[in-house]
Amino acid sequence: MPGTASPFLLHHIGFLVRDIPTEAQDFVSRLGYVIESDVIEDPVQTAYVQFLRQPGAASWLELVTPNDEDSKLTNVLRKGGGLHHLCYEVGDI
């Protein structure tokens with residue numbers, strides 16, 4: 001419908017980490033997250049990712065780590081990692 005705003009919803013928060021399995025277990029044990037995917041390679045982003053979510057939450061936490069030393073993310077991780085991106089879901093762009 002023209003002039004009507006599309007929903008603008010948070011889909012996931014990307015968090016850059018050194019080791020996905022170690023960090024995933026930390027989020028599970030300390031903050032009650034549930035692992036909702038296997039570790040997946042994303043060759044376009046030169047990364048491995050895994051999705052977690054707290055029970056009842058509408059959005060996910062995406063743990064991200066470089067897939068090798070030549071990854072686009074390696075230098076960012078060397079600076080400390082942490083919050084990497086926010087991904088929003090929209091009905092139309």
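**Figure 1. The hairpin of β4 and β5.** β4 and β5 form a hairpin with six residues between them, and Gly56 in the turn has a positive phi of about 85 degrees. The model is predicted: local features need pLDDT of at least 70 and side-chain atom pairs count only at pLDDT 80 or more, while totals for chains, interfaces and linings use all residues. Residues are numbered from 1 along each chain as its sequence is written, and side-chain values use heavy atoms, with hydrogens and water left out. Strands (E, at least two residues) and helices (H or I, at least four) are DSSP runs, numbered from the N terminus. β4, residues 47–53, pairs with β5 in the antiparallel sense over six bridges; two strands pair if DSSP finds at least two bridges between them. Tyr48 stands opposite Thr65 in β5.

**Figure 2. The surroundings of strand β5.** β1 and β5 pair in the parallel sense over five bridges. Phe15 stands opposite Leu63 in β5. Six of the seven residues of β5 are buried, so this strand is largely enclosed by the rest of the structure. Buried means under 20% relative accessible area, exposed over 50%, and partly exposed in between (1.4 Å probe, protein chains only).

**Figure 3. The largest nonpolar core.** This core has eight residues: Val17, Ile20, Ala24, Phe27, Tyr33, Leu52, Leu61 and Leu63. The elements giving two or more residues to the core are α1 (20–31) and β5 (60–66), and α1 has the largest share, three residues. A nonpolar core is a set of buried Ala, Val, Leu, Ile, Met, Phe, Trp, Tyr and Cys residues joined through side-chain atoms within 4.5 Å. Leaving aside residues up to four places away in sequence, Tyr33 touches Phe27, Val28, Leu52, Arg53, Gln54 and Leu61; contact means heavy atoms within 4.5 Å.

**Figure 4. Leu31 in helix α1.** Leu31 lies in helix α1 and counts as partly exposed, at 48% relative accessibility. Not counting residues up to four places away in sequence, Leu31 touches Asp26 and Gln54. Leu31 and Gln54 are 23 residues apart along the chain, and their C-alpha atoms are separated by 8.0 Å.

**Figure 5. Salt bridges.** A salt bridge is a side-chain nitrogen of Lys or Arg within 4 Å of a carboxyl oxygen of Asp or Glu, and the count comes to three. Arg30 forms one with Asp26, the closest N and O atoms being 2.5 Å apart. Because Arg30 and Asp26 are four residues apart in helix α1, about one helical turn separates them. Arg30 is exposed at 65% relative accessibility, and Asp26 is partly exposed at 30%. Glu36 forms a salt bridge with Arg53, with the closest N and O atoms 3.2 Å apart. This pair links distant parts of the chain, 17 residues apart: Glu36 is in the loop between β2 (34–35) and β3 (40–42), and Arg53 is in strand β4. Arg53 counts as buried, at 19% relative accessibility. Arg78 and Glu69 also meet through their side chains in a salt bridge (2.6 Å, N to O).

**Figure 6. A nonpolar patch on the surface.** Phe8, Leu10, Leu83, Leu86, Tyr88, Val90 and Ile93 form this patch, with about 760 Å² of accessible area together. Accessible areas come from the Shrake-Rupley method with a 1.4 Å probe; for residues, only the protein chains shown count as cover. Patches are made of residues with over 30% relative accessible area and no salt bridge, with like charges joined within 9 Å and nonpolar side chains (Val, Leu, Ile, Met, Phe, Trp, Tyr) within 5 Å. β1 (8–16) and β6 (82–90) each supply at least two residues of the patch, and β6 gives the most, with four.
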